[in-house]
Each structure stands twice: as structure tokens, then as C-alpha cells.
Protein chains: 2
Amino acid sequence: MSSAPRVAVLPKSGRFESLEAAVVDGGGVVASIEEADALVWADPACPEDLPGILARGPSVRWVGLPFAGIEPYLGYLTDEHVWTAAKGVYAVPVAEHVVACALAGLRGLVHYGRQREWSGPQGRNLVGANVTILGAGGITDELVRLLEPFECRITVVRRQADAYPGAARTLSLTDRLDGLADADVVVLALALTPETNGVIGAAELAAMPKHTWLINVARGGHVQVDALLAALAADDIGGAVLDVTDPEPLPDGHPLWTQPNVMITPHVGNTPEMGIPLLAAHIAGNVSRFRIGDDLSGVVDTKAGY
Amino acid sequence: MSSAPRVAVLPKSGRFESLEAAVVDGGGVVASIEEADALVWADPACPEDLPGILARGPSVRWVGLPFAGIEPYLGYLTDEHVWTAAKGVYAVPVAEHVVACALAGLRGLVHYGRQREWSGPQGRNLVGANVTILGAGGITDELVRLLEPFECRITVVRRQADAYPGAARTLSLTDRLDGLADADVVVLALALTPETNGVIGAAELAAMPKHTWLINVARGGHVQVDALLAALAADDIGGAVLDVTDPEPLPDGHPLWTQPNVMITPHVGNTPEMGIPLLAAHIAGNVSRFRIGDDLSGVVDTKAGY
């Protein structure tokens, strides 16, 4: 189709204004769900409303979801629609957050930030460090790019060990312990699936050197919290910076809040202020592709769940 | 001279073993001060002992100092010797610390690291930010290199406004306010001289946008502390990460310790663990240059004081 596609932007409780503008930027027209060719989902907070809205749109062929990780929507992924997620859209701010957190851990800032007196030197360099990244998506792409001048030795762990460009070593998920044994930093940037749930447990933490920092910008469920607390108590790893937790938000009084070598950041790898312009650009691009019949960006594999 | 130069490594209270090894690596022989052609100063702690030791070495032509900033030695710089400082030697770890501190400020880690409960999103990107660097030495060289994939717009402020490679804009020190007015991050990486003492005062802080983070890895004396405390109290800047302070060490109970938007790191831009191998390589290189009559690296301008 090269005429303007009709795109519903719902629900109205969400960020619909910037996304309506994106639809227009992409060459579409904003329409009601009843007459829409496509639906752009505008509110992060209410996945359960999606089936009811979608049922009112018999002509909808594409549904655009505004997140990279779409676990709350998995039960609603119909085969008769094309689903897109915002895969890689927020990769730059999230990858930057990884660099911030890795440096905060390695260079002692997690420690120094809590001191009220001059203390002794500590810290290691990220320059030249061994960085092992679980996941091979957009965040990893951007992280590898940001780390280039740091001359790290990068290991990528992914489902299949197809060589990752820019990595010194690529390992399959089943061989992950080999990628942890010499890591100065371990970054979790993979999708949460039944296969990767709890992927960092006692064996993985035991495999890491005692100075290793664990950075999680993926999902809280990737890390077995009891195993992490035990490893921290035993000084088996250097520490952890967790941008995602399980449960999330992390409840007041949770023991992770008071670990000396843990910093919690409240899921701010990508903040709304950073992300909305990026999402709008992604939606505009996909509306434009939908209009001319190109392959959409970020199509969800409904079987794999991401 | 191409025969092995005789190099004294003193005083013995310092890191003389690794530096004696560096002398040998550079093709020299370790000698007593009485018969030495050169003196490698091995102890950071006792500048006042230098004139007495040097007086015992009538053949010494070159004195190698182990620091980048050599203020404590300025009174002892004789015209009859060539003096070298470790200029740029520690630039990589210090530039890395700047990136760590800038990200910790911009991305909210100074704040989040002190929370004990889930809080709201804050933070800005370093990617694409305006970064103004005061100083145009080795740290700036390395910082510009590390920031390359972050695609910052870099302004360098230096004594004379000779265009700095890789900077979008180069300003002279007298025009510094122009370089502060649009800065998201201001980095102090310049030598402390009478001209630069207190270079960041009330006017400079007022010129910065309200979200700007100030990062000081140079010398505490560059920042007028009362003006900084006033600017922080009035929310005139975003915050400060100070790796150097005045006085240093920063005393217990100093108001900077308890500012919410300030992080103090205890002069760890370069730690001994990071720096000793770098210093040893620098000394070995200079011994080798001294041996074959090449220009030494890091020669001090005794008039300028760095």
C-alpha cells in the first residue's frame, strides 16, 4: 500500500500525543480502531486491555508495541497479526547505562559514593578489561560500539555460538561458564525466556573471579537473588549494579538495598525523557515501512517470545 | 651517549624496586647518586629531600619526577638540570575516571547510590552531550579518544585558543565563560598555576546551565569551594564529582561530604596499582631516550611550572 495507512494510537491513557505525531511523520493518518489498518499501543501500564481493543479492529494487520521486552504481552500475541516490539530502539541509552554502571563498579564509585571520609585507593580499569555480555541484540551492538576505545576483550554469549562481530569470542548459552571464568565485568542484556530465567545462579557466580562486577539491564528474573546474596556475603564477586530486580520495584527493606557492593538503579537504563523521542522515531519509521510494504523493524517471533 | 647511563633511583623509601627495574629495561645501570648521570625520584612523599640528594650528584644532568603535577617541587627546579614530569603518563586511567564520574553524575548514579528505596527516573545522556574540558594535555587527549563513540560536542579551553584536534571549539582561558554556558559536563584537567588557581568561581558556576555536572580530576585549588557550595545550595548546577579537593585529603565533617549532588573520590583517577606499571614504562622509555640522546618525554617548562 502506498496510500496513507490508517493507524489507531491507543489507549488514550498513554503517550498518545507524541505517538500520533509519529504516525503522521511516517506518512500515516490517525484513525479509530474500528477503521484502522494498524494499532500503535501507547500505554505501558495496561496490557490486559489489548485484546478487547484489538477485537474492535477487524482490519488491523500490524500491532506496534512500545517496549523492547514484551513479557506482559506474550499471552496476547495472535498469529493473524504482525507484532513489532521496540527492539534495539532504546539500545543507546541502555548501553550507555551499562558503561556507567560498569565504571561505577570497577572504579570504586559504588563504594566512594557512600563514604563520608577520605578512604584508600581501590578500583580497576575498564580499559583493557574482559567484558562478557549475555545477549546479542541491540544493546550489545551499541555497547560494543561504545567500548571500542576502551579496548576491552569482549565475549558474547548467545543462544547459538554464531560469531558476533566485534567480539573476541562468542559462546553458546550452554557454554556460558567458560565466558564467566575470566570476566572482569559480566553484562546481562538478553531477553527473558524460560531458557534464560535464572541464568545467573550459584554455579555462574562461583565461576566468576572474585573481583567481577555483574551488571543487569535485562530483567530481574535472570538473576537468582538468593545465590547473588550468598555470593556477595562470601566476597565471591566484586559486586553488582542492578537496573532491574525481581520483584520490581524492589521493596523497601529488601536485603539488596543495604549490600555494600550493590547499587540499585530503578530501571533507568532508558528513562521516559530519553526514550520517547526514540520510540517516536521508531514508530514513524515503521509506519513509513508499513505504508510502502517494506519489512517492519522489530518484528516479534511469537514462538520465541521476543 | 650510547653506553649505559648511570641512573640513581632515590630515595629508597619510595617505589625504587620497580623503578630500578625500569632503569635496566631502558638500557641504564642503577648507580649511586655520587656517580649518576641521572636521578629518578622514587618517593612522592618527601620533595624537601630532593635538593640535598641532588647536591651530592655533580654529574646529574636529568631528574625524572614521578608525577604529572609537580607543584611541591617547583621551588627546587634548577636551571642546570633537565627536569621531566610524568606528563600524560597516567592519562588513560584518569580520563577513564572522568568518563566514570561524568556518567555517574549525568545518569543519576550519585543519587541512586545513596537511596534505600525505589525512586523516580532521572538522568541525561552523555551521548550527544556538550562537554567542555579545561586543559589540553594528555588527559584531554585520552578523554577525547574515549568519548569518540559518545559523539559529544567537545569544547577545549586552554591558555591560547590554538585549535585542539577533535574539539568542535577551542577557547582561550580568558574566554572560558563562553565554553561553560552550554556545557552539560565541565571537566577540569589543567595544571594548577597562579593563572588557573580558583579558575572555577561564582561567575563560572553562574554561567553553567542548571543541569551541568562539574568533574575535577586536576587540583582542588582550581575550584573556589565556597562558590561551589553556594551554587549547589541554590541548585545552580547539577552537581560535582571531585577527585581532588582543597584541602586534600578532605577533612571529616567538611560540608562537601554531605551535599546530595556531590561525590568525592579520594584522588583515585590514577591509583598506585594502575599507575606504577605506567610510570615504570615512562621511566624505561626516558632512560632509553637519555641513552641515545633523544629528546626526553615530559620535559618541564621550569618557567611555566609544568
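Guide: Happy to. Let me begin with a term: a residue is buried if 20 or more other C-beta atoms lie within 10 Å of its own, exposed if 12 or fewer, and partly exposed in between, with C-beta atoms placed from the backbone. This is a predicted model, in which local features need pLDDT of at least 70 and side-chain atom pairs count only at pLDDT 80 or more, while totals for chains, interfaces and linings use all residues. Residues are numbered from 1 along each chain as its sequence is written, and chains are lettered from A and ligands numbered from 1 in the order in which they are written.

Now to the contact between the chains. Chain B contributes 42 residues and chain A contributes 42 residues, where two residues are in contact if their C-beta atoms, placed from the backbone, lie within 7 Å. On the side of chain B that touches chain A, the elements giving two or more residues are helix 3 (91–106), helix 4 (109–112), helix 5 (138–147), strand 12 (262–264) and helix 9 (272–292) of chain B. Helices (H or I, at least four residues) and strands (E, at least two) are DSSP runs, numbered from the N terminus. Helix 3 of chain B gives the most, with eight residues. By class, this side of chain B has 25 nonpolar, nine polar and eight charged residues; Ala, Val, Leu, Ile, Met, Phe, Trp, Tyr, Cys and Pro count as nonpolar, Asp, Glu, Lys and Arg as charged, and the others, Gly among them, as polar.

How are the copies related? A rotation of 180 degrees with 0.0 Å of shift along its axis superposes chain B on chain A, with RMSD 0.1 Å, which is the relation of a two-fold axis.

For the rest of the chain, look at A:Ile215: not counting residues up to four places away in sequence, its contacts include A:Val98, A:Cys101 and A:Ala102. A:Ala45, by contrast, sits in the loop between strand 3 (38–41) and helix 2 (50–55) of chain A. A:Ala45 counts as exposed because it has 10 C-beta neighbours inside 10 Å. C-alpha to C-alpha, A:Ala45 and A:Leu146 are 32 Å apart in space and 101 residues apart in sequence.

Technical notes: Least-squares fit on C-alpha atoms with pLDDT ≥ 70 in both.
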